[in-house]
Each structure stands twice: as C-alpha cells, then as structure tokens.
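Please examine the sequence and the three-dimensional structure shown here.

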Amino acid sequence: MNEGASTSNNSILQETQDFSLVLGGPLFQLLRRSHLSGDTLELIRQRIVVIALLAWLPLLALAALEGQALGGRAAIPFLLDVDVHVRFLVTLPLLIVAELVVHQRMRLVVSQFLERNLIPASALPRFDAAIASAFRLRNSVLAEVLLIAFVYIIGVLLLWRHYVALTTITWYAMPTAEGLKLSVTGLWYAYVSLPIFQFLLVRWYYRIFIWIRFLWQVSRIQLSLIPTHPDRVGGLGFLPNAVFAFMPLAVAHGALLAGLIANRIFYVGAALPDFKIEISVLAVFLLCLVLGPLLVFSPQLAQAKRIGNREYGALAERYVREFDAKWLRGGAPADAPLVGSSDIQSLADLANSFEVVRTMQIAPITRDALIRLVVATLAPVVPLALTMMPLEELLRKLLGILF
C-alpha cells in the first residue's frame with residue numbers, strides 16, 4: 001500500500017515539475033510544426049522576429065506605397081506613430097518573452113506544494129485533478145477559437161474603433177461622419193496586425209484565469225501549514241515568487257499604456273498629468289491580477305494562525321510555569337548550575353517560536369513583490385516625464401531633491 005502511494009506521489013511530483021501554463025493549445029502546436037518553437041519554447045528569437053515582423057513590416061510597406069510613411073495628408077505618419085511601434089516592436093516581443101519566463105519559473109513554484117509536504121497524502125488525488133484540469137483548459141481548442149472571435153468582435157470592431165483609434169487623420173484611417181474610413185494599410189492593421197497582438201494579449205488573460213482557478217482549487221484542500229515556519233506564511237513563502245514570473249507581462253502592459261499616452265501627448269495636445277487615473281488604474285489592475293489570486297489562501301492562513309496562537313500559547317504557559325517553579329520557587333536542586341543551563345536557551349527558543357506565530361501573515365504577499373510589480377508596470381511610463389520639462393531641468397530637480 002505504501003509503495004503504491006509512493007509511486008502515485010512521484011507521478012504527481014513529475015506532473016508539477018512539468019507544470020506549464022504555456023506549453024499547449026493550437027497556436028503552440030502550430031509554432032512547433034512550423035519550427036518556430038521547440039518542445040519547451042526554444043527558438044524564442046525566431047518567434048519574436050517572425051511574429052513581430054508579420055504584424056509590423058507589412059504596415060511599413062503599405063504605408064510607404066500609400067505615401068503615408070513619413071508625409072502625406074496624415075497628421076500622424078506611420079513612422080512617427082509611437083503607439084504602433086511600441087505595440088508591435090516592444091510590447092508584442094515582451095508578450096512572447098513572458099511565455100518562456102512563466103514556463104521556467106512556474107514549474108518551480110507549483111512543485112513546492114509537494115516538496116514542502118503541504119498536500120496531505122489523502123488529498124493527493126485532488127491536487128492531481130487540479131493539475132489535470134489546468135492542462136485540459138490550457139490545451140483547449142475551443143478556448144482559442146473563442147478568443148479569436150472575441151478579438152475580432154469586441155477587440156477590433158468595438159473597443160479599438162470606438163475607444164482607442166485616434167479621431168484625426170492618421171496613416172491608417174480618416175474620420176468621417178459615418179465613422180473611421182480605413183485605408184489599405186488600415187485594413188491590414190485592423191484585421192491582421194491588431195488581431196495578432198490582441199490574441200496574444202487576451203490569451204495571457206486566459207492563462208492567468210487558469211492559474212487563478214488552479215490556486216483556488218488547491219486552496220480548497222486542507223493544507224498542512226506550519227504556524228512556526230520562518231517564512232511567516234505557514235510554508236507558503238514560495239508563492240510570491242510567482243509574481244516575478246509575470247514581470248515581463250507587467251512591463252508589456254506599461255509599455256502599451258506609454259505608447260497610447262505618447263501619441264495623445266504628441267498629436268492631440270494632452271499632458272502626462274491628464275492620464276494619472278489611467279496610470280493608477282493600470283497599476284491597481286496588475287496588482288489585482290497577479291497578487292490578488294494569492295489571497296485565496298488567506299482563510300487557511302488565518303485559521304493556522306489562530307490555532308498556532310492557541311496551541312503555542314498553551315505550550316508556552318506550561319513551560320514558563322515549570323521554569324518559574326524550578327528556578328524561582330525552589331524546585332531546582334541546590335547544586336544545580338544556573339549558568340549554562342539549557343532551560344534558559346529553551347525559554348528563548350520558545351519565545352522566538354511564539355513570536356513567529358504571533359507575527360504570522362494571513363496573505364502570502366511580500367512588500368518586495370508588490371513594489372517590484374508596480375515599478376515594472378510604471379517604468380515604461382517614466383520617460384514620458386520628459387514631455388513635461390527638458391531632461392536637464394528634470395535632472396537638476398532630482399539632484400536638488402537628493403542633495
């Protein structure tokens with residue numbers, strides 16, 4: 001019986017080591033067959049070059065043919081459109097790089113549930129089922145078909161046309177009473193380039209949904225949390241490491257917003273402070289998207305803290321009473337040496353353990369992870385501060401603050 005349980009445990013451990021949010025789905029299989037990806041996302045440079053150029057290079061060629069590359073009637077020629085270049089030459093490659101980073105880091109995070117003995121033997125089948133369910137969703141053909149439909153119906157026809165596209169003459173469209181009239185370049189932009197980008201983006205949201213669902217299913221298992229664990233989250237201190245896997249995704253979102261803001265600053269007369277709400281919303285959105293899912297473990301952590309405070313409080317009470325009776329009430333032999341006694345060290349160790357339990361957190365979120373995520377999100381927006389004042393003046397003010 002024990003041998004069978006050990007075999008099952010080893011099998012599940014292997015699955016956690018192979019856990020990946022990105023190694024699956026029709027697009028991944030297509031990239032493998034076209035030799036743009038290996039079994040574990042090799043050939044990342046080839047993928048970036050081919051996909052980015054498929055989205056961006058035809059726009060350059062068509063805009064040049066229509067005379068809208070650097071001149072023409074457009075208020076925003078193609079080569080001066082900051083948003084389009086950031087979107088396809090910065091953000092899109094970051095979305096591809098994020099796949100490799102998440103694949104490499106997430107496996108190490110998930111395997112920790114077993115390596116740290118957080119999953120009781122009786123709950124291993126449920127943990128295995130959660131992994132299998134995540135794999136089924138990741139590999140779903142229907143899911144990617146629905147994402148493509150969402151991109152064209154909602155992403156392009158609704159959101160982009162009515163809320164994102166600039167209402168001025170651009171290299172891709174001319175505003176009319178009936179709405180935007182797309183040029184030939186605009187048709188490729190709207191129905192090829194944008195859908196490629198938006199599909200890669202919303203597919204990331206779908207993957208994060210799979211991750212959130214997996215964490216929620218694991219949080220329904222009664223985990224074997226240790227209140228005295230030095231990470232002060234019962235042994236779940238590895239979970240904030242998942243945040244670092246999503247850093248390229250955070251930078252990609254920041255770059256996308258920076259491109260949108262830059263166009264409106266350069267060509268619509270807006271100023272950076274006009275977008276403080278959008279910048280704040282993006283930071284909060286990514287905090288909720290990446291860190292929020294970890295809160296599903298808060299109920300169990302709170303319960304473990306309550307139990308730990310009660311049990312270790314009772315243990316401390318019993319020990320200190322015996323210590324008091326022995327060393328202060330004459331309970332110790334007359335010739336018992338106080339100096340060098342292990343009782344003093346044990347009392348200090350017990351106090352340290354009780355302090356760990358008392359300061360145990362009920363959310364596996366660290367300040368370092370939170371700060372890094374915010375910095376990664378806002379870093380691409382920071383250079384736009386140069387639109388408010390010259391670099392020399394900005395540096396002078398910064399030096400004045402520092403010195």
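Leu157 lies in helix α6; here helices (H or I, at least four residues) and strands (E, at least two) are DSSP runs, numbered from the N terminus. Leu157 counts as partly exposed because its relative accessible area is 40%, where buried means under 20%, exposed over 50%, and partly exposed in between (1.4 Å probe, protein chains only). The model is predicted: local features need pLDDT of at least 70, side-chain atom pairs count only at pLDDT 80 or more, and totals for chains, interfaces and linings use all residues. Residues are numbered from 1 along each chain as its sequence is written, and side-chain values use heavy atoms, with hydrogens and water left out.

Leu157 also belongs to a nonpolar patch on the surface, together with Ile148, Tyr152, Ile153, Leu187 and Tyr191. Patches are made of residues with over 30% relative accessible area and no salt bridge; like charges are joined within 9 Å, and nonpolar side chains (Val, Leu, Ile, Met, Phe, Trp, Tyr) within 5 Å. A salt bridge is a side-chain nitrogen of Lys or Arg within 4 Å of a carboxyl oxygen of Asp or Glu. Together the patch residues have about 520 Å² of accessible area, a quantity that comes from the Shrake-Rupley method with a 1.4 Å probe; for residues, only the protein chains shown count as cover. Helices α6 (141-164) and α7 (184-219) each supply at least two residues of this patch, and the largest share, 4 residues, comes from α6.

The discussion now turns to aromatic rings. A search of the whole structure finds 18 aromatic pairs. Rings of Phe, Tyr and Trp (its six-membered ring) pair if their centres lie within 6.5 Å; planes under 30 degrees apart count as stacked, over 60 as edge-to-face and the rest as tilted. Phe88 and Tyr189 form an edge-to-face pair, with 6.1 Å from centre to centre and 85° between the planes. This pair links distant parts of the chain, since Phe88 is in helix α4 (residues 82-115) and Tyr189 is in helix α7, 101 residues apart. Both Phe88 and Tyr189 are buried.

The pair of Tyr205 and Phe285 is edge-to-face because the ring centres are 6.1 Å apart and the planes are at 85°. Tyr205 in helix α7 and Phe285 in helix α10 (residues 276-290) are 80 residues apart, and their pair likewise links distant parts of the chain. Tyr205 is partly exposed, with a relative accessible area of 28%, and Phe285 is partly exposed at 36%.

Charged side chains also meet rings. The charged end of Arg138 sits over the ring of Phe135, 4.6 Å from its centre; the criterion is that NZ of Lys or CZ of Arg is within 6 Å of the ring centre and within 35 degrees of the ring normal. Phe135 is also one of the residues of an aromatic cluster that includes Trp211 and Phe214.

Two further residues complete the picture. Thr170, in the loop between α6 and β1 (173-176), is buried because its relative accessible area is 5%. Leaving aside residues up to four places away in sequence, Thr170 touches Ala74 and Ile76, where contact means heavy atoms within 4.5 Å. Tyr267 lies in helix α9 (residues 247-267) and, with the same exclusion, touches Ala75, Ile76, Leu80 and Asp81.
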